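I am opening this notebook to keep track of what I look up in the structure, one topic at a time.

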Amino acid sequence: MVGCTRCCLHTSIRAVNLFVNLCGVGVIIYSLWLIKKWQVGVSELPSVSYIPKPWFIYVCLGVGMAVCLSTLCGHIVANRTSSSLLFIYIIFIFSLLCLEVSVIIAIFYKMNWEMQLAKFIDENHIKFKNFLIFHVKMCRLIAILILVPQIKVIVLAAILWVIGAEPRAHCNDSGIPNFRYSFLAAPTQSLLDVSRHGFRNYEASPRESFLSYVNRYFRMQFHRRVTLS
């Protein structure tokens, strides 16, 4: 049952990362389109002494790029079986998520964009002003909604790290011949064990690290709950 759980978690992480990646590409395209609209609209305005930077567009563009970077790391981790690499990935995505949240709060909630835009856009260009105010709200909504699948990826990766990210040995017991050994010689029992369970059971680690101890503790708790249920 634990092996099937690992398979489902690996597949879920890949699927969610693919969805997040598509969302990130869409956010980047939307942000580049907004930058073009901003440049065209500002060029039609009369000369003013101060024009604020469109930070709401830059934040949306940065979030899209950060999402694509995180999904790239997620695809790499989903194809690996190292618990240490998975733990580093969880810390990296969590730190990136905290950074995104802090930037979103600073740009979209601590800055009054309607007041900022009213300082240099007069009543003759009210259409451009309403266009910008609408897309400020859209950028804020997109930046918040794209955090949800990122949180799901962190949760799935944390569950996978707790139960262990070892190779799914039961997936290899499907009757498919193993071509890593010569078919002229009958494989011994030790070779079959190594082929089925991998070399990790035969590696003697003289000293267990603290991270391995914590991972093993959470894995035992999960196995106990699965057994009792």
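I began with Cys 139, which I found to be buried, with a relative accessible area of 0%. Cys 60 is buried as well, and its relative accessible area is 1%. I keep in mind that I am reading a predicted model.

My next entry asks how far the sulfur of Cys 60 lies from the closest cysteine sulfur. That closest sulfur belongs to Cys 139 and is 4.2 Å away, which is too far for a bond, because a disulfide needs the two cysteine sulfur atoms to be within 2.5 Å.

I then turned to the record, where the unreviewed UniProt entry lists residues 15-35, 55-78, 85-109 and 141-163 under "transmembrane region". I checked two of these spans against the model. Residues 85-109 are 100% helix and 0% strand, with the end C-alpha atoms 35 Å apart. For residues 141-163 I read 96% helix and 0% strand, and here the end C-alpha atoms also lie 35 Å apart.

My last entry concerns helix α4, which covers residues 113-120, and which of its residues are buried. I found these to be Trp 113, Leu 117 and Phe 120. Seen down the axis of α4, the buried residues fall within an arc of 70°, so they line one face of the helix. At the N-terminal end of α4 I noted a cap formed by Asn 112, where a side-chain oxygen lies 3.4 Å from the backbone nitrogen of Glu 114.

Terms used
Residues are numbered from 1 along each chain as its sequence is written. This is a predicted model: local features need pLDDT of at least 70, side-chain atom pairs count only at pLDDT 80 or more; totals for chains, interfaces and linings use all residues. Side-chain values use heavy atoms; hydrogens and water are left out. UniProt positions are given in the numbering used here, feature names are shortened, and annotations may be inferred rather than shown by experiment. Helices (H or I, at least four residues) and strands (E, at least two) are DSSP runs, numbered from the N terminus. Buried means under 20% relative accessible area, exposed over 50%, partly exposed in between (1.4 Å probe, protein chains only). The arc is that of the directions from the helix axis to the C-beta atoms. A polar contact is a pair of N or O atoms within 3.5 Å; within protein, one must be able to donate a hydrogen and the other to accept it, and residues adjacent in sequence count only if both atoms are side-chain atoms.
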